[in-house]
Amino acid sequence: DAPTGTALRRAVNQPALRCGYRFEDDELVDEMLAEVEGERGALPMLAFAAAQVWERRDADSGHLTRQAYDNIGGVAGALTRHAEATVDRIGVERIPIVRELFRNLVTAEGTRAVREWDELLSVFEGSALPSVASKELGVKDQHSSPLTSERSERLHPSPDRGGEAAEVLRELIDARLLTSYEVKEEDRGPTRRVEIIHESLLANWPRLVRWQTQDADAAQLRGQLRQAARTWDEQGRSDDTLWTGSAY
């Protein structure tokens, strides 16, 4: 299990102490811990921040200073820098995949969404996107389907990139920008879920903020589609609940 409370505080303090340094004051550590309270990825987020504060350490006093922490923008700022460095490492040719993964992990309201692993990767699969999407989401595969429009292209990247998308997803998880965990469900067995590591990325990572702004209309449509799919499934997958031209 990930450390919490006293164990988390010790995980922040001890590496510096072993090197003969300490945080300037206990309140600074309190501040850092408060920024990640309740988060699944608390330890890696603190590690990002501590590493950047360490790079700016005051050798004369032997302190990791509040000034250094403020200069990096706190835990949120450190995470943002790490996010941008991770995207650079993944490579420009895979940025569309990174963008598609993140856009499916953000709600229309601009908050983090939890997605199942297979659901998240399903948008990268198949070559006939309108028919595949309509089958999965409960939309009639007719001329009236909304997924035959330009919006379909914004919802779905080019086909046949499922394997590559899975690789990128694992890289983002390994980099601790996303977190993945299993949830046991009695009726389905364990399911693997994915979410963005911290809400601050949505507000403080300029690249992600720009993507959200550009994708606002499509995000709303995705939310409507998911709600329609849930309704369709809950009502026995009846044709009466499928989207038609009038429903769209």
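Analyst: Let's begin with the rule for strands: two of them count as paired if DSSP finds at least two bridges between them. Keep in mind that this is a predicted model.

User: Happy to. What makes strand 3 and strand 5 a pair?

Analyst: Two bridges join strand 3 (residues 115–116) to strand 5 (residues 189–196). The rule asks for at least two, so strand 3 and strand 5 pair, and they run antiparallel. In this pairing, Glu116 stands opposite Arg193 of strand 5.

User: And how do you know that strand 4 pairs with strand 5?

Analyst: Strand 4 (residues 178–185) and strand 5 have eight bridges between them, in the antiparallel sense. The rule needs at least two, so this pair qualifies as well. Glu185 faces Gly189 in strand 5, and Val183 has Thr191 as its bridge partner there. A hairpin of three residues leads from strand 4 to strand 5.

User: Why are strand 3 and strand 4 called edge strands?

Analyst: The open sheet has three strands in the order 3-5-4, with antiparallel pairing. Strand 3 and strand 4 are its edge strands, as each pairs on one side only.

User: Turning to the helices, why are helix 6 and helix 12 called roughly perpendicular?

Analyst: Helix 6 (residues 95–103) and helix 12 (residues 206–214) have axes that cross at roughly 70° and come within 11 Å. Angles of 65 to 115 degrees count as roughly perpendicular, and the two helices are therefore given that name. Helix 6 makes the contact with Ile95, Val98, Arg99 and Phe102, and helix 12 with Arg207, Leu208, Trp211 and Gln214.

User: How many residues of each class does that contact hold?

Analyst: The contact between helix 6 and helix 12 has five nonpolar, two charged and one polar residue. Arg99 and Arg207 are in the contact, and both are charged because Arg belongs to that class.

User: Which residues does Leu178 touch?

Analyst: Beyond four places away in sequence, Leu178 touches Phe102, Leu105, Leu169, Leu172, Ile173, Val194, Glu195, Ile196 and Ile197. For the whole protein chain of 248 residues, 46% count as buried.

Technical notes. Residues are numbered from 1 along each chain as its sequence is written. This is a predicted model: local features need pLDDT of at least 70, side-chain atom pairs count only at pLDDT 80 or more; totals for chains, interfaces and linings use all residues. Side-chain values use heavy atoms; hydrogens and water are left out. Axes are lines fitted to C-alpha atoms, for helices over the stretch in contact, and angles run from 0 to 180 degrees between N-to-C directions. Helices (H or I, at least four residues) and strands (E, at least two) are DSSP runs, numbered from the N terminus. Angles under 35 degrees count as roughly parallel, over 145 as roughly antiparallel, 65 to 115 as roughly perpendicular and the rest as oblique. Contact means heavy atoms within 4.5 Å. Buried means under 20% relative accessible area, exposed over 50%, partly exposed in between (1.4 Å probe, protein chains only).
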